[in-house]
Amino acid sequence: MEQQKGRAKVTSLLAVEKDVQEEWKKQKIFEEDAPETFLNEKKSKYLVTFPYPYMNGRLHLGHTFSLSKCEFAVGYQRMKGKHCLFPFGFHCTGMPIKASSDKIAREMELFGYPPVFPNEDEEQENTEGAPDKGQGDVIPENKAKGKKSKAVAKAGSFKFQWQIMKSLGMDDAEIAKFADPKHWLEYFPPLAIQDLKSMGVKVDWRRSFITTDANQFYDSFVKWQFLRLKERGKIDFGKRNTIFSPADEQPCMDHDRASGEGVGPMEYTLIKMKVLEPLPPVFEKVKDRNIFLVAATLRPETMYGQTNCWVKPEIRYMASELKNGDIVISTERSARNMSYQLITADFGKMVKVDSVGRGGYLTGQDLLGAKLRAPLTSHDHLYVLPMMNVRDDKGTGIVTSVPSDSPDDFAALRDLQKKEALRSKYGITEEMVKYDPIPIIDVPDLPPASADPKYQGLAAVFLVESDKTLVSQNDQEKLTVAKELVYSKGFYEGVLRVGPYKGKKVQDVKKKIQQELIQSGDALLYFEPEGKVISRSGDECVVALCDQWYLDYGQEDWKEQARKVLEQLDTYSPEVRNNFLATIDWLHEYACSRSYGLGTKLPWDPQYLIESLSDSTIYMAFYTVVHYLQSSLDGKQHGPSGIRPEQMQPEVLDYIFFKDAKFPENSGISKETLDKLKNAFEYWYGVDLRVSGKDLVPNHLTYFLYTHAAIWPNDPSKWPKSIRANGHILLNKEKMSKSTGNFLTLQEAIERYSADGMRMALADAGDGLDDANFSEVAADAGVLRLYTWLEYIKDKGELKLVERKEKTWNDRVFENDMNARIEQTDGHYERMLYKEALKSGFFEMQLCLSRYREFCGAEGMDRELMERFFEVQTLLLTPICPHVCEHTWKLLGKEGSIMHAKFPVSTAPVDQNLVHASQYVVEALHEFRLKKIANQTAGKGKNAGPVPPKPTHATIWIAKKYPPWQEAIFKKLQSYTPTGKEELPDKKQILEDLKENKEVAKHMKKVMPFVHLVKTKYETEGGKALRIELPFDEESVLSANLEYLKSTLELEGLDIKNNGESSDAKIKDELCPGEPSIVFRAEGVKPEMVNGSK
């Protein structure tokens, strides 16, 4: 990151911000309470929430970018007259804090205090073969996503938790305290509040809290939520396959992962292929037992077409024992997964069969040529063959081969059939590969009707053989494309042509075939993670069949309720809405309990904790009343209501949060007190805006919709009104990473750019779902702009301001420009397009001022208009840069805080004709200046001649109407589009239609370029591009600016004439309305000589 040049301007802005924040604090400006009485239909409130950040470190620019959207929205809606509330809590539930504190304790136990860590070579030697847990914070990259997770980015290149804490600037004595999880809850939330206050967020800090049972009020709320969900049939108990951390001995949900967020269990059918005699030598000692090679497949319906089995010669396999005594061969990784799915005798214990191979291990080479019996295939037996592309990090490392429907399988089998040298290398005989692909599935258009009939039922064979450039199994890119086509069409459109389900669609019978294979003992149900998942404890996760409490998001009636919530939700983007719909469609059971970490205990089964994505779905309701209950983050200091945590029984919470619930007579709390809380909830809830990163749509934000539907099924007023999802933030177009140094905490960003400088750069970073970019160059430029603007306000007394009885043309343009920017900026803020709001509400406003000042010149600017400009500019920028605007407000002599000011309104409807006229003058002046420069340029070299004298006079030629041939073209184009919205014909058709016009025929060489120009303008401007007359009087506009034009072009004389008066044929015949031409001349001045030329 570039070093910032100079600090004076930043220091000045920071001083302004500190003073402003002190004043806001003194006035308690952002502390908002519900009125005692209100009418629901007339209340104008705005509740904004941001997913409470996790308290295992300082807030960084990633948090800040998303929460800035909340902050800007609150600032704008306040100015629109809404009663706004922005509360902010701090999340401590889940594994990360507990895992990190355990690591610190473990590191002190292993390496002393302060710890002396081994170097990398020693560490490798000492940890080889050691258990996963407690081996330092080594966080591998998540290959499933192809990018580092948030945890990796935060940890940087540090391998131990102690080192991570050191990087935060802590000394050893302080770090040692973090071995106690409670210290995290006491240390980081106050720092987050400090940083957020420095940013100037409009938060009501009375409503802040930490989660977990450390806060008994919050704990009671979450228990109540789960009791009601269970009562309503949304929570169940049973064995479910879930991502599981063996080291932590519990399910590993998204927020518990160092990498692999969003990865779920993938279901496979584990095909058992029995090893037949003669057995390979590695099985000599177990020849009296059933031995199976097991292949994990997603397509059990294709087992009718098996011709062989693939292994990779170099892969190390393991022999393990199933609970029925059978021996199965797979990779050790898959055997580990199986042991957690009740496939082995004891949960989580692999039983390695040491008498197989070398202590239970063997290679693919040991298995080559083995004879197998496979289910469903028409062959009595098939053989194990070598394949180079088999992976050991997915499935079992053993692949069953179906060349009819797998391009990879056919290409590899063809290689072995054609290449004798390849067979010899691996000891494969010709007999072992004499298997033709078996046609088992008809796939529409694969092959097409025109293809050779021999390819019927052989989609993969057709695709491989029809591509002459696909010559071997090594052509992976082409094979991948072919595979995707065959698999997709085969599943959705394929029809079986063999077996008892002949004639049935694949998608209709796939599950039935799987179930029959399992019931017959020829297959097992098997799961593994879709991609690599690493827990916060550093171990690779598996899929485990666990006893667990789970939220049954798969219930169809609950899905339908969630869709109804989504129907009335503003998502600001069709893509976000589609992502929600897709998530609701696939979402099913979700484990909501765990046994390790921090959190709230399940009220009916306290051996379990509620996991972190499940306790954070309706806590926004708690914001509405929490300030009455507590006056400290942990709730230890009770609030003004006098309610104690033990009084927060479910019936009390029912009364507060359910409109028709009965008053709890035995609660020990007065009805007056509870009514105050109930009133606050009824006034503020539901959430008007929730802002989050787009990565939370498939989990937290969808659970948010589900749970609101379940808790308030018949009260849509409590459902969320809008969700704004955004992309991630890049820093200088690169991903943020501590290891590369491309990283900024919130505290660092404010120190470097000031709060408002940072806020301006955040607004300018972007608003869509694509990743936005925080540019430090733009942040520096923002600091300069803000400082310059403040200085301009301070020096406004030195401006030449005049009081005019009548507004000039430039006054009217300036006022019209302000009105246009007000309306544009209002619309951008309303749709949360802050980059555009900053552009129209500040950058373009400043350009309007510069243009007005320039065009007014010596006559000065109108005082009344300039006073309005100062006010409007300040108000338009207030949601984004509130400190500078608050300070400006005082410099302008305004009373009260700008936080109570209203958004500006236009003084009149925007005059679009005036907009066009103003733009016309700017563009014409630009052309005039270029023409003047060209007019004063001498030739070069042999063409060098006298330097033309500096012009003293000029004539501006204008056209009242288009040349007849152009006018004829306009009229023809107008005839095609009566409303100005229809699509114009192609140029060839237009030319054909114009041939009959005699006027046009005279200029045929010019016709097509002109038609192309007008047609292109029509595509962007619509019907107005076909207007024959200008929306303003060209001569009047130029006349109104004649003195300015003469002055800026440094002329003694300037006049305006109609092109009909010109003797120049080009001006007379080709000049068009809106495209003036200027002719310079020097009166009484001789040309200068260049290089002695005459």
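This is a predicted model: local features need pLDDT of at least 70, side-chain atom pairs count only at pLDDT 80 or more; totals for chains, interfaces and linings use all residues.
**Helix α16**

Helix α16 runs over residues 506-519, which makes 14 residues. At 1.5 Å a residue, the helix should span 20 Å.

Which residues of α16 are buried? They are V506, V509, I513, Q514 and L517. These residues cover an arc of only 155° around the axis, and therefore sit on the same side of α16. The face turned away from that buried side carries D508 and Q519, both exposed.

What do the buried residues of α16 pack against? Their partners include one helix, α15 (476-493). Strands β6 (265-275) and β15 (441-442) are also contacted. So are β16 (495-496) and β17 (523-529).

After α16 comes G521. The phi of G521 is positive, near 85°.

**Salt bridges**

The count for the model comes to 65 salt bridges.

| Salt bridge | N to O distance |
|---|---|
| D204 and R206 | 2.7 Å |
| E284 and K287 | 3.3 Å |
| R1081 and E1083 | 3.1 Å |

How exposed are the partners? Take D204 and R206, whose side chains meet in a salt bridge. D204 has 0% relative accessibility, so D204 counts as buried. R206 is at 26% relative accessibility and therefore counts as partly exposed.

E284 pairs with K287. E284 has a relative accessible area of 47%, which means that it is partly exposed. K287 reaches 52% relative accessibility, and the cut-off for exposed is over 50%. K287 therefore counts as exposed.

In the bridge between R1081 and E1083, the side chains meet at 3.1 Å. R1081 is partly exposed because its relative accessible area is 32%. E1083 also counts as partly exposed, at 42% relative accessibility.

Some salt bridges share partners.

Terms used: Residues are numbered from 1 along each chain as its sequence is written. Side-chain values use heavy atoms; hydrogens and water are left out. Helices (H or I, at least four residues) and strands (E, at least two) are DSSP runs, numbered from the N terminus. The expected span of a helix is 1.5 Å times one less than its number of residues. Buried means under 20% relative accessible area, exposed over 50%, partly exposed in between (1.4 Å probe, protein chains only). The arc is that of the directions from the helix axis to the C-beta atoms. Contact means heavy atoms within 4.5 Å. A salt bridge is a side-chain nitrogen of Lys or Arg within 4 Å of a carboxyl oxygen of Asp or Glu.
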